[in-house]
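Here are some notes to read alongside the model, for anyone opening it for the first time.

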Amino acid sequence: MPKVTQAHLDARRQQIIDAARARFASHGFARTSMPDLVEASGLSTGAIYRYFKSKDQIVAAICEQTSDTLPGELTAASVLDFLKDVRTAAREHDHARLVAQIYAEAAVSPALAAVVRQQLDDLRAAVATLLPGRSAEDAARIAEAFVALCNGYANQLAVRGDVDPGPFAAALTAVIES
């Protein structure tokens, strides 16, 4: 029997994650069953369970791969570009709808909530490092507001569709400059 390579195993795992990401974004977590993921991935039930014991584990794997890349500095132009990237991910990959589904599930799943909380903590810390010359307390306050506004923009994209990032970028710039 031929040995399966790690690259093959990694590709199958990614195939499951990609199928789940698309299905969760379009149908929601609660309306997606494991048989739906079998169908969407094109793999067998056994293949999916080889990598993941539950939908919760799949969602956690999706979260581990998700990263909104922050700009190298927080200027009006870089913030607008960042939000344009968020908008593009929402348009092309249903990312905003997926994030909304993950947050909704995190509200009722303590394990997923811990993953999401850690991601939010990491994001706020990353934003705070982009605020040189600010006290730690001030940077933390600004980072909290920055992340909240970005999440608000993503939620607007999830519900309203294509939303102009301009007003959100202006609000974020005002927060940064306060």
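1. Start with arginine 87 and aspartate 162, whose side chains meet in a salt bridge at 2.6 Å, N to O. A salt bridge here is a side-chain nitrogen of Lys or Arg within 4 Å of a carboxyl oxygen of Asp or Glu. The pair links distant parts of the chain, 75 residues apart: arginine 87 sits in helix α5 (residues 76–93), and aspartate 162 in the loop between α8 (136–160) and α9 (166–177). Helices are DSSP runs (H or I, at least four residues), numbered from the N terminus.

2. Before going on, a word on the ground rules. This is a predicted model, where local features need pLDDT of at least 70 and side-chain atom pairs count only at pLDDT 80 or more, while totals for chains, interfaces and linings use all residues. Residues are numbered from 1 along each chain as its sequence is written, and side-chain values use heavy atoms, with hydrogens and water left out.

3. Is arginine 87 buried or exposed? Arginine 87 counts as buried because its relative accessibility is 19%, and buried means under 20% relative accessible area (exposed is over 50%, partly exposed in between; 1.4 Å probe, protein chains only). Aspartate 162, at 48%, counts as partly exposed.

4. Now for a pair inside one helix. Aspartate 138 and arginine 141 form a salt bridge at 2.4 Å, N to O. They are 3 residues apart in helix α8, so about one helical turn separates them. Arginine 141 is partly exposed, with a relative accessible area of 45%.

5. On to the inside. The largest nonpolar core has 52 residues, and Phe24, Ile58 and Phe146 have the most contacts inside it. The largest share of this core, 9 residues, comes from α8. Such a core is a set of buried Ala, Val, Leu, Ile, Met, Phe, Trp, Tyr and Cys residues joined through side-chain atoms within 4.5 Å.

6. Which helices cross at roughly 130°? Helix α4 (residues 55–65) and helix α6 (residues 95–106) do, with axes that come within 11 Å. The contact (heavy atoms within 4.5 Å) is made by Asp56, Val59, Ile62 and Cys63 of α4 and Leu98, Ile102 and Glu105 of α6. Axes are lines fitted to C-alpha atoms, for helices over the stretch in contact, with angles from 0 to 180 degrees between N-to-C directions.

Methods: Helices (H or I, at least four residues) and strands (E, at least two) are DSSP runs, numbered from the N terminus.
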